[in-house]
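Open the model in a viewer and keep the selection panel at hand. The stops below go one selection at a time.

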Amino acid sequence: MKPTIPKGTRDFTPIQVLKRNYIFDTIKKVFIKYGYMPIETPTMENLSTLTGKYGEEGDRLLFKVLNSGDYLKKANKEALGDLNSNKLTSSISKKGMRYDLTVPFARYVVMHQNEISFPFKRYQIQPVWRADRPQKGRYQEFYQCDADIVGSKSLMSEAELIQIYDEVFSNLGLNVTIKVNNRKILEGMAEIAGISEKMVAMTTIIDKLDKIGIEKVKEELLKCGISEKSVQIIIESLQIKTLTALGEVLKDSERGMKGIEELNLVHEYLDLKSTTNKVEFDITLARGLNYYTGCILEVVSNDVEMGSIGGGGRYDNLTEIFGLKDVSGVGISFGAARIFDVMTELDNFPKDLEGLLTVLLISESKVDHLEAFKLLNQLRAANISCDLYPEPAKYKRMIKYAINRNVPFVINIENGEYTLKDMVNSGQEKLNMETLIQKLSK
RNA sequence: GUGAUUGUAGCUCAGUUGGUUAGAGCACCGGUUUGUGGUUCCGGGGGUCGCGGGUUCGAAUCCCGUCUUUCACCCCA
């Protein structure tokens, strides 16, 4: 039998996991510094928690888990006979796999509302699953790293999340632009253009601007039934680069002006501490997710051509569907896989990743092998990451193994003497144990 | 979900209009050589040609289905 893995999934090699952990650790450290606490939620949620939260498209992409036992016995026979999968599903599947971290978090907040003291700041790094067709940078299983604050309307949160983006990406050595906009500004635009009811359609179209160009955007707006005049107004607003200029256009929209005011306030906070990366107002930023209601954020790499490597925004009504009203939240997400790709392309990972072996011990004779085992334990007692080739073998073979394992140092034990070989700078010297330990511990 | 695309050894790939026993490089194993750090040379194991049907005297090769890969759309991270 030939082994395979399901489509859209991947194995991670040791080096890949170490690199991924490096990214996770960098993000985690910043989250913790800013006062966020970790939570985890189950891989599976009740299907009722998940369905209807991501739109029709999203429901289709949910992985459903078959009930255990003789599930067909309890199946909806009518739906089964009609071959109606949609109807049948609810009778044979009660659970589904996590589609993102935000909805499970909303569920968590509502379920634990009595024990949470608000404002509640949490981070969460876990895989999610989508039954999507795989393509470039898109998988059926992938990690999300989220940080959210719920229970506060303060715009300080938005400023803080921008600072987190700034700090994490500086720590990773990446040069990025953090784009900001506000849903209310987009609503204001729709209002001024007289197409408030088509606001959602409008945002998804203008979100594609940098991908398909202004002409196509125009075309698509017209295609979805927006009048020539309204399209003209939208297109003109899209050229605006500053908030002050935008204020002129949106002055008749209360909603729009509120958006501008919010962004100004965020900037007021940000002005108090300069960021390393560029923070830029971008009116074309819309973001697909429709639960956003206020500020929206997106991060793009300045050095590598790649979609967004992070995004987020404020949502006012997320917990409402679970019965908890008036809990405003704002959050961000890091696209771990894409950050990984950008880091790889720029060769930005540290050379000595945490978890790599420091030194391999080798011996060609049985007597020396026992001596080596003694040394091995002493090195380990000194907290040096080391390994011993498990049996005496040919020198060539063991050296080859050392090279394959990417070990920077090898100690050859011969006639009770220790020879330390530097695999990187190709030198070697005979040392006693004390100097060995001294040299290898950092 | 729509439209393309891919599948041959563990990996990267050759394979003629359909025609003997399907090949190479790398990797692996054994030996050889190198004054003992990726060298040289020799040998070895390893493949139901993604899977299932069909056409044919004969299929890796042609046809159909299915799964998988990659990519675009949709949507999204």
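Which charged end sits over the ring of F105, and how many Å from its centre? Select R122 together with F105: the charged end of R122 is placed over that ring, 3.9 Å from the ring centre. This is a predicted model, and every stop on the tour should be read as such.

A second pair of this kind is found by selecting R20 and F12. Here the charged end of R20 sits over the F12 ring, 4.5 Å from its centre.

**Domains**

Colour chain A by its domain assignment. Domain 1 is made up of 1–33 + 100–172 + 317–341 + 350–356, domain 2 covers 184–274, and domain 3 covers 359–440. Between domain 1 and domain 3, the C-alpha centres are 41 Å apart.

**Aromatic pairs**

Next, show the aromatic side chains. Counting ring centres within 6.5 Å of each other, there are 13 aromatic pairs. Select F31 and Y123: the pair is tilted, because the ring centres are 5.4 Å apart and the planes stand at 40 degrees. F31 belongs to helix α1 (residues 14–33) and Y123 to strand β5 (residues 120–129), so the pair ties together parts 92 residues apart in sequence. Both F31 and Y123 are buried.

Move to Y54 and Y99, another tilted pair, with 4.1 Å from centre to centre and 40 degrees between the planes. Y54 is in the loop between α2 (47–50) and α3, and Y99 in the loop between β4 (93–97) and α6 (102–111), so this pair ties together parts that are 45 residues apart in sequence. Y54 is buried at 13% relative accessible area, and Y99 is buried at 10%.

To see a cluster, select F31, Y36, Y123, Y165, F169 and F334, which are linked by ring pairs.

**RNA strand B**

Now select the residues within 4 Å of RNA strand B. There are 36 of them, and R133, R138, Y139, Y395 and M423 come nearest.

The most comes from α17, with six residues.

- Q135: a side-chain N or O atom is 2.8 Å from a phosphate oxygen of RNA strand B.
- D422: a polar backbone atom is 2.9 Å from a base oxygen of RNA strand B.
- M423: a backbone N or O atom is 2.6 Å from a base nitrogen of RNA strand B.

Note on methods. Residues numbered from 1 in each chain as written. Chains lettered and ligands numbered in written order. Predicted model: local features only at pLDDT ≥ 70, side-chain atom pairs only at ≥ 80, totals over all residues. Heavy atoms only, no water. Domains from an automatic or database assignment. Polar contact = N/O pair within 3.5 Å; in protein donor to acceptor, adjacent residues only side chain to side chain. Helix = DSSP H or I, 4+ residues; strand = E, 2+ residues; numbered from the N terminus. Phe/Tyr/Trp six-rings, centres within 6.5 Å; stacked < 30°, edge-to-face > 60°. Buried < 20%, exposed > 50% of the residue type's maximum accessible area, 1.4 Å probe, protein only. Lys NZ or Arg CZ within 6 Å of the ring centre and 35° of its normal.
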